[in-house]
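Keep the viewer open while you read.

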Amino acid sequence: MVTTPVQETSKLNAIFDSCREMGQDPEFNVAKRWLEDHPGKKAIGCFPIHCPVELIHASGMLPLGIIGAGTQIEVTYADSRFQSFVCSIVKTTLELGLTNRLKFLEGMLFHSICDPARNLSSVFQRNFPDMFVEYIHFPQNFASPLARKYLATEYQRILDGLQQRSGHTPTVDDLNRSIALYNRIRAGLREIYRIRTDTPHMISAAESFVLTRAGTLMAPEEFVKIVEEVLAELPGRPSRPKDRIRVILEGSFCELPPVGLIETVEQAGCYILDDDFLRGWRWFTEDVPIRDNPLHELAESYSERAYYSGTKHDTRETKAAHLIQMVKEKKADAVIMQAAKFCEPALFDYALYRKALDEAKIPHLLLEFEEKTWIFDRARSEAETFVESLLFD
Amino acid sequence: MAQVTPKSDYQGRIHNLQKDMIGRYYANLTAASEGKGKKAIYMLISGNPVELIEAFDMLPVYPEVNALQLAVKKQSLPLILAAEEMGYSTDNCAYVKADVGMYFAGRKTPFATIPEPDLILCNYVGCNVYLQWFEHLGEYSKAPVYNLDVPFFRTPGPEPLAEDINYVVKQLEELIEVLERMSGKSLDYKKLQRIMQLSGETGELWSEIKKLTRERPAPYDAYFDSVMMMAPLYCLRGTEDGLRFFQEAYKEMKQRADNHEGPLPEEKFRVVMEGPPPWPFLRQFRDMFSRWGAVAIASTYSTVGGIWEFGFRHDPQRPLESMARHMLQWNCTNRNFLQRYKQLKDYVDDWGADALVIHSVKSCRLFSAGQGDMREYFTKQLNVPTLLIESDLEDPRYFSEAQLRNRVDAFFESLEHQRTLVKK
């Protein structure tokens, strides 16, 4: 090893610390301050996983990731609305609403990702009648060209609703400007993920996670600067590779894992080369083209240039094949399935992934989590045992 | 106090007819599994284009019906456990697990041998688990999968969006091409129209049967007896047999209504039931209500595969559009939660119910997630006494008989008490 241990650049640490803090704030103070500074602007909440944020932004509003509340609030009211077998994020998101913490939002967008999320959108409609609550149908028949065309029509419907609320009818240029801005953010995040894969000691999964999460809680114009600053600072970051196994982490695409859990897995001896944390906010594998028909381009990109996902059922190729291909490309040693408790899409995927990984002789570990977990002893010992079995095999 | 009423053992002519007809349907599945029958098309119950499948002389296979039959016959648990061994979670839908377990156990059941699929037609109507389920069956069987994407009924108006109808119709046209390739013959439009007519008339009779429970007493239990009629409605819809069954069923039920016969000696409480039944313990569950003289006069579960009592009919003049409307609009699963509240409220008001019983099942989050909010709405906003109880539709481990019975008893005791107070 050629590197020398020195004090880390404090600038990066400060960025990650402030991002982490932002992600722990159930009052959304950063966004509220931004709204105060921009009179007349409104904000729209986006429930996971993928939301066409460009439509909100081009309508002159601020898209925000409303993605549960971790350990930050206690669930007092939502428990009586959603049963014990429903995942935590559904309950904490509703709790945010029932405790008036989402009053500053003009509306909420939900999408066809799973059954509880779908019913949650109805429960929001009934309990918060002043809110603009919409439900986006993402098609599931990508083998047919009909699906892409349909999605563009669906985007138009959503856009019509948004512009009624904002009072601004976006032009093609407005939409393309928003696409370009989010392209820049997504490209920056893709680059950070590339750096993580190539040199995982340079930036941890926990750090890129808190950064991505912060990006869902602030104006994109501000966030793009932060992403680019991180990219500028990273090459100078002193670091030293450790003796760790290289893993791909899957299954945490909706409910947010506690940062402490990600750190626990890393400290147990894993370099997480890639993951699906907040995948919906990093959805596209390349830039959305800037052309004359932005809604068509967004729909086309959703269908043709998006990451595979537990909530996108594409009969053209299997998700397990994607996962195994990623393991090979990134030269990973193993896969960790980190699925949220009660998350049917992730838990169903696990059954398919497990079979395919076994057949491909790729070691794997299932870790179930809840956003509200704060003690990680069990995950630590499971991850450590797993790492040891690989290191000393 | 709960009255010790005799158990409901209502067994009419149609019960035997149902057994015969469904027996023949399962014999057809077994024949197909032996390569001596029709092509097997896996499909889902909730709003489907079975009329097209019938038009091509293919055989619909319903994994949901097979799974529930396994539960009724108390065969589900070992299969669920086998699937959990494979990596399925205790929190995954147990219909899927029982079906996957059965698939890997040679597809043999006490009622039929289930054929391998020739086509997996995922008519994704509302339930996201359907997508997972058929994705998995596709991987295991290597059969071709067609995801018939039915947009969720998500707009507040009474009609689905025009683009949604158009999108589904266009996909049905694609599906016709798929079926034409598989069968080597083109669609016989006249035949399709005849099938649509059969479905239309079947729907008309079913709708009339459902309205009979507005009578007092209701001639049958719209939850526990409806499930007997649902099998022919789904497995035989669009066939001459299916229509014959409903002609008989209407005759029998109408006669019972005219004679003021109900399923219990005395109808004391009229309830609306929400949610699927606990198939492994159907008898025990029914008895919990029968002993209180509680009869279901309407249920949402009997509308998972279609809602006919508010006017929908399959239309031979517009076959594809009416199939699309059936999938988009006229079934319980593709409707949003608030539309379900409305449906329940209509039953309470128009069928005359004393209470709402919500049976919340862990397996089916489409049905159950958020039913606490539903209870809130009915009790606080509408003042309808509401009972919310939990178990499962397939997994016997989640059925706690004593606990459920206590809850049911406490609920009806309190209803009875309120009645006494009003009388005084």
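On H13 of chain A, the buried residues are Glu344(A), Pro345(A), Ala346(A), Leu347(A), Phe348(A), Asp349(A), Tyr350(A), Ala351(A), Leu352(A), Tyr353(A) and Leu357(A). Bear in mind that this is a predicted model. The helix covers residues 344–359, 16 residues in total, and its first and last C-alpha atoms sit 23 Å apart, close to the 22 Å you'd expect at 1.5 Å a residue. After H13(A) comes Lys361(A), with a positive phi near 55°.

H13 also turns up where the two chains meet. Chain A puts 40 residues into that contact, and chain B puts in 44 residues. On the chain A side, the elements giving two or more residues are helix H5 (115–127), helix H6 (146–166) and H13.

Now for chain B as a whole. It has 16 helices and 8 strands. Its radius of gyration is 21 Å against the 22 Å that the globule rule gives for 424 residues, so chain B is as compact as a globular protein of that length. The C-alpha trace of chain B spans about 75 × 50 × 40 Å along its principal axes. Of the 424 residues in chain B, 57% are buried. And if you take the contacts in chain B with a separation of 6 or more, 79% of them link residues 24 or more positions apart.

Definitions and conventions: Residues numbered from 1 in each chain as written. Chains lettered and ligands numbered in written order. Predicted model: local features only at pLDDT ≥ 70, side-chain atom pairs only at ≥ 80, totals over all residues. Helix = DSSP H or I, 4+ residues; strand = E, 2+ residues; numbered from the N terminus. Expected span 1.5 Å × (residues − 1). Buried ≥ 20, exposed ≤ 12 C-beta atoms within 10 Å, placed from the backbone. Contact = placed C-beta atoms within 7 Å. Rg over C-alpha atoms; globule rule 2.2 N^0.38 Å.
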